[in-house]
Amino acid sequence: MTIRTTARAAALALSLAAVALPAFADEDAPKNLKVLPKGTGGREVHEIMNEWSQSLGVRCDFCHEMKTPGDFRSIDWASDKVGHKEVARRMYTMMGGLNATALPKAAGEPDAAVSCVTCHRGLTNPATLDKVLLQVTREKGADAAIGKYRELRERYYGSGSYDFSPRALQKVALTLADDKATLDASLAIAKLNVEQNPTAASAQVVVAQVLDLKGDRAGAMAAVDAALKIDPKDRQATRLKQQFTQQTISK
Ligand code: HEC
Ligand code: HEC
């Protein structure tokens, strides 16, 4: 980065802070600290708070009571009225316990530590994409899950919050394929994977596996051929092709 862009970034960060947080001054001594070390100064608290906000992808009022909606100057920082603030305190305490002994001991590394972002990745709910989509599928059906995928991809693609590689949808489709009652949902997700990842042979392979489970051998074979067209050396596609061909001959 050049000095000029660094300076511009710093200026931007300052102006954002000035716009977003007019009511908060670093000089203000914190009045209601219950988990951060006593004596933590205003500036330090502010830095910690910025980090927590970024880790969860939220603004200050996710945890702090805003007396007038939309008006940052009306935030009462010491207030404990918003439930998320208490959860954050418990999270901080849980994390401190992990980092103090359990984690270094398990890792065999004295410096091993997690921070909020290790789990949260810019999200309030750190569940992985496959878990989110499985839950939506089971509660509201495949169409809702597909809508959720598109919404999350639109918002988070490139942020690192979710894995948008073919792996996540593959996992969802194969998990749903374990249960006959959700085979149709599995196929819908597998097709979404092909649509989103047209150059991934693995996505076609999943469609082939699900169609085979549904008894559609011709469709399964077509998907295998599509996979081999993308990658003639794909091992799973090659294996399925052999398996399907042998079974046809022995019939
Ligand atoms: C994820 C929840 C969360 C977010 C987001 C958050 N805070 Fe906090 N904040 C807390 C918690 C919890 C405490 C109390 C810590 C303690 O008990 O030691 C606190 C304390 C504070 C205090 C001290 C208040 C006092 O007088 O005791 C200030 C000031 C503060 N936060 C500012 C901010 C600012 C500014 C932001 C946005 C950049 C922010 N917070 C975002 C959870 C949050
Ligand atoms: C070991 C992983 C992990 C770490 C580290 C962690 N969290 Fe969490 N956090 C979770 C999980 C899991 C949930 C539950 C999400 C759910 O099911 O809604 C959660 C939930 C929360 C919630 C409630 C969100 C909501 O929508 O209700 C807040 C607030 C929160 N965490 C703040 C923090 C803060 C602040 C830190 C760092 C001090 C932190 N967490 C560190 C895993 C973690």
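Colleague: Where does pLDDT stay under 50?
Modeller: Over residues 1-22. This is a predicted model, and for that stretch it has six contacts beyond four places in sequence.

Colleague: What does the protein average for pLDDT?
Modeller: The average is 91. Of the residues, 89% score at least 70.

Colleague: OK, the fold. How many helices and strands are in the protein?
Modeller: It has 11 helices and two strands. From the N terminus on, the order is α-α-β-β-α-α-α-α-α-α-α-α-α.

Colleague: How many residues does the protein have, and what percentage count as buried?
Modeller: There are 251 residues, and 22% of them count as buried. As for contacts between residues at least 6 apart in sequence, 45% join residues at least 24 apart.

Colleague: Now the core. Which residues have the most contacts inside the largest nonpolar core?
Modeller: Val 172, Ala 173, Ile 189, Ala 190, Val 207, Ala 208 and Val 210. That core has 36 residues.

Colleague: Which elements give two or more residues to this core?
Modeller: Helices H5 (129-140), H6 (142-156), H7 (166-177), H8 (183-196), H9, H10 (217-230) and H11 (235-250).

Colleague: And which one gives the most to this core?
Modeller: H9, with eight residues.

Colleague: Let's stay on H9. How far does H9 reach from its first C-alpha to its last?
Modeller: It reaches 19 Å, close to the 18 Å expected at 1.5 Å a residue. The helix covers residues 201-213, which makes 13 residues.

Colleague: Is H9 mostly covered or mostly open?
Modeller: Mostly covered, with 11 of its 13 residues buried.

Colleague: What follows H9?
Modeller: Gly 215, whose phi is positive, near 85°.

Colleague: Why does Arg 121 count as partly exposed?
Modeller: Because it has 17 C-beta neighbours inside 10 Å. Buried would take 20 or more, and exposed 12 or fewer.

Colleague: Back to H7. Why is H7 largely enclosed by the rest of the structure?
Modeller: Because nine of its 12 residues are buried. Among them are Pro 166, Lys 171, Val 172 and Ala 173.

Colleague: Which helices do the buried residues of H7 pack against?
Modeller: H5, H8 and H9. H7 reaches 16 Å from first C-alpha to last, close to the 16 Å expected.

Colleague: Take Val 172. Which residues is Val 172 in contact with, leaving aside neighbours within four places?
Modeller: Asp 130, Leu 133, Leu 134 and Ile 189.

Colleague: Switching to the ligands. Which residues come nearest to ligand 1?
Modeller: Asn 32, Leu 36, Met 49, Cys 60 and Cys 63, out of 27 residues around ligand 1.

Colleague: Which helices each supply at least two residues of that shell around ligand 1?
Modeller: H2 (42-56) and H3 (83-107). The largest share, seven residues, comes from H2.

Colleague: How does the shell around ligand 1 split by class?
Modeller: It has 17 nonpolar, six polar and four charged residues.

Colleague: And ligand 2, which residues are closest?
Modeller: Ala 88, Met 91, Cys 116, Cys 119 and Thr 124, with 16 residues surrounding ligand 2. By class, the shell has 11 nonpolar, five polar and no charged residues.

Colleague: Which helix gives the most to the shell around ligand 2?
Modeller: H3, with six residues. H2, H3 and H4 (116-120) each supply at least two.

Colleague: Last one, Thr 93. Is Thr 93 exposed or buried?
Modeller: Exposed, because it has 12 C-beta neighbours inside 10 Å. Thr 93 lies in helix H3.

Colleague: How far apart are the C-alpha atoms of Thr 93 and Val 35?
Modeller: They are separated by 7.0 Å. Along the chain, the two are 58 residues apart.

Key
Residues are numbered from 1 along each chain as its sequence is written. Chains are lettered from A and ligands numbered from 1 in the order in which they are written. This is a predicted model: local features need pLDDT of at least 70, side-chain atom pairs count only at pLDDT 80 or more; totals for chains, interfaces and linings use all residues. A residue is near a molecule or strand if its C-beta atom, placed from the backbone, lies within 6 Å of it. Helices (H or I, at least four residues) and strands (E, at least two) are DSSP runs, numbered from the N terminus. Ala, Val, Leu, Ile, Met, Phe, Trp, Tyr, Cys and Pro count as nonpolar, Asp, Glu, Lys and Arg as charged, and the others, Gly among them, as polar. Two residues are in contact if their C-beta atoms, placed from the backbone, lie within 7 Å. The expected span of a helix is 1.5 Å times one less than its number of residues. A nonpolar core is a set of buried Ala, Val, Leu, Ile, Met, Phe, Trp, Tyr and Cys residues joined through C-beta atoms within 7 Å. pLDDT is the predictor's confidence in each residue, from 0 to 100.
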